[in-house]
Amino acid sequence: MGYDNLVISIKSSDVMMCVRAHELIAERTRYPLHVGITESGSVLRGSIKSAVGLGLILHQGIGDTVRVSLTGHPVEEIHSAKLILKTLGLRRGGIEVVSCPTCGRTRIDLIPLAHQVEELVKSYPLDIRVAVMGCAVNGPGEAREADLGIAGGNGEGILFKKGEILRKVPEEALLSELKKELDELAGQE
Ligand code: SF4
């Protein structure tokens, strides 16, 4: 019809069908493609399906805009989409939090702490990696690539930078001490 000001979106809730459809259409047209797994489900299920689908599609260089569609709050969709793009190396900015799976060495309540750190870092524009580790013995070494990290001990914990210990702090102060470091880094930017 002579009209070419368009973006194409083809979607499916079947992840592998969606991947294949994008591979086929990318061979046939040069129009920009809007990529997403539709009706993907709840936050956990939908994020996993979207991560697999978008990962397989975007890694082939296919796709120009994305949508993560979840049965959840729209803000969750944005977080999920940003994380997928960042994981694929297609987006910069925002703090990446890594945390250990916990083991017999863990002496602190790491799971809520990791969630609190995830919440804390959302407001910082820093492009760094922060680690939340269960023990001071192995934590700093295991997370030596992290720009900043905290690790638990017995009633106390440590703050570390690139694997080097900065200082010991009481367990209840781990979060506030991490915040201080982040504030300082954000002030330097
Ligand atoms: S950092 Fe410590 S607590 Fe976490 S998995 Fe490694 S050894 Fe276990």
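Here is a short walk through the model, stop by stop.

Before you click, note that this is a predicted model, where local features need pLDDT of at least 70, side-chain atom pairs count only at pLDDT 80 or more, and totals for chains, interfaces and linings use all residues. Numbering runs from 1 along each chain as its sequence is written.

**Stop 1: the two domains.** Colour 15–87 as domain 1 and 96–188 as domain 2; these bounds come from an automatic or database domain assignment. Their C-alpha centres lie 31 Å apart.

**Stop 2: helix H1.** The expected span is 1.5 Å times one less than the number of residues. Now show Cys 18, Val 19 and His 22, which are buried. They sit on the same side of H1, because they cover an arc of only 100° around the axis; the arc is that of the directions from the helix axis to the C-beta atoms. Buried means 20 or more other C-beta atoms within 10 Å of the residue's own, exposed means 12 or fewer, partly exposed is in between, and C-beta atoms are placed from the backbone. Strand E1 (34–35) and helix H2 (43–58) are among what covers those buried residues, while Met 16, Leu 24, Glu 27 and Arg 28 are exposed on the face turned away. Contact here means C-beta atoms, placed from the backbone, within 7 Å.

**Stop 3: helix H3.** Jump to residues 74–87. Glu 77, Ser 80, Ala 81 and Ile 84 are buried, with Val 75 and Ile 78 exposed on the other side. The cover over the buried set includes H2 and strand E2 (65–66). Just after H3, check Gly 89, with its positive phi of about 75°.

**Stop 4: the ligand.** Show the residues around the ligand: Cys 100, Pro 101, Thr 102, Cys 103, Arg 105, Thr 106, Met 133, Gly 134, Cys 135, Asn 138, Gly 139 and Glu 142. A residue counts as near if its C-beta atom, placed from the backbone, lies within 6 Å.

**Stop 5: helix H6.** Finish on residues 174–188. Leu 174, Leu 178 and Leu 182 are buried. They line one face of H6, since they fall within an arc of 60° seen down the axis. Ser 176, Asp 183, Glu 184 and Gly 187 are exposed on the face turned away.

Definitions and conventions
Helices (H or I, at least four residues) and strands (E, at least two) are DSSP runs, numbered from the N terminus. Two residues are in contact if their C-beta atoms, placed from the backbone, lie within 7 Å.
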